[in-house]
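Work through the following exercises with the sequence and the model side by side. Try each task before reading its solution.

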Amino acid sequence: MALIEWNEEFRTGIDQVDSDHRHLLDLLNNVYESFTNRLYPSKLGQVFDELVNYACYHFATEGEWMKSVGYPRHIEHTQQHDEFARRVVEMQKSFAAGKTGGLSLEVLTFMRNWLVNHILESDGQFRAFVKGKKAARSKPAVASCNRGVAAHDRLDRPARRV
Ligand SMILES: [Fe+2]
Ligand SMILES: [Fe+2]
């Protein structure tokens with residue numbers, strides 16, 4: 001049974017971002033399943049590798065998007081990404097040092113909190129900003145288009161020959 005199911009609330013409308021988030025959600029559900037079946041901590045090394053990888057490609061993608069649309073909370077958002085990466089590396093080091101006691105539950109709680117606090121909240125705020133930008137951009141375009149058509153009609157009307 002999945003811990004959290006994908007639903008529309010997670011959707012940002014940016015395909016690459018959504019596919020990365022979905023991947024993280026699948027990973028969380030796998031961790032949860034393995035945790036409930038007591039398969040950990042042997043598989044934890046793989047999970048940390050996946051999380052380090054995710055932090056690398058996903059945060060770079062989001063960062064590019066934020067820069068390209070001039071997201072005003074870009075720096076604050078990036079600090080949260082940095083904190084995620086720092087915590088993952090910290091847990092990975094603990095694992096490598098053989099400190100596995102309680103680590104399965106720690107990573108499970110960490111991933112679940114990240115989905116709720118960062119993906120739904122912070123990435124959600126970014127999604128709202130992108131949507132607002134699109135709406136703001138489309139309004140003048142439609143208005144000027146309508147005006148343009150009217151002007152075009154008038155200019156192109158064939159001159160009446162007398
Ligand atoms: Fe994200
Ligand atoms: Fe993010």
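The model is predicted, so local features need pLDDT of at least 70 and side-chain atom pairs count only at pLDDT 80 or more, while totals for chains, interfaces and linings use all residues. Residues are numbered from 1 along each chain as its sequence is written, and chains are lettered from A and ligands numbered from 1 in the order in which they are written.

**Exercise 1.** Describe the elements of the protein chain and the share of its residues that are buried.

Solution. Begin with the elements, which are DSSP runs numbered from the N terminus (helices are H or I with at least four residues, strands are E with at least two). The protein chain has four helices and zero strands, and their order from the N terminus is α-α-α-α. Next, take burial, where a residue is buried if 20 or more other C-beta atoms, placed from the backbone, lie within 10 Å of its own. Of the 162 residues in the protein chain, 12% are buried.

**Exercise 2.** Work out how helix H2 and helix H3 are arranged.

Solution. Two packed helices are described by the angle between their axes and the distance between the axes. Each axis is a line fitted to C-alpha atoms over the stretch in contact, with angles from 0 to 180 degrees between N-to-C directions. For H2 (residues 44-69) and H3 (residues 74-96), the axes come within 10 Å and cross at roughly 170°. H2 is therefore roughly antiparallel to H3, a term for angles over 145 degrees.

**Exercise 3.** Identify the largest nonpolar core and the element that gives the most to this core.

Solution. A nonpolar core is a set of buried Ala, Val, Leu, Ile, Met, Phe, Trp, Tyr and Cys residues joined through C-beta atoms within 7 Å. The largest one has 11 residues, including Leu 25, Leu 28, Val 31, Val 47 and Met 111. Helix H1 (15-36), H2 and helix H4 (103-156) are the elements that give two or more residues to this core, and H2 gives the most, with four residues.

**Exercise 4.** Explain why Met 111 counts as buried, and find its contacts beyond four places in sequence.

Solution. Met 111 lies in helix H4, and it counts as buried because 23 other C-beta atoms are within 10 Å. Leaving aside neighbours within four places in sequence, Met 111 is in contact (C-beta atoms, placed from the backbone, within 7 Å) with Leu 28 and Val 31.

Note on methods
Parallel < 35°, antiparallel > 145°, perpendicular 65-115°, else oblique. Contact = placed C-beta atoms within 7 Å.
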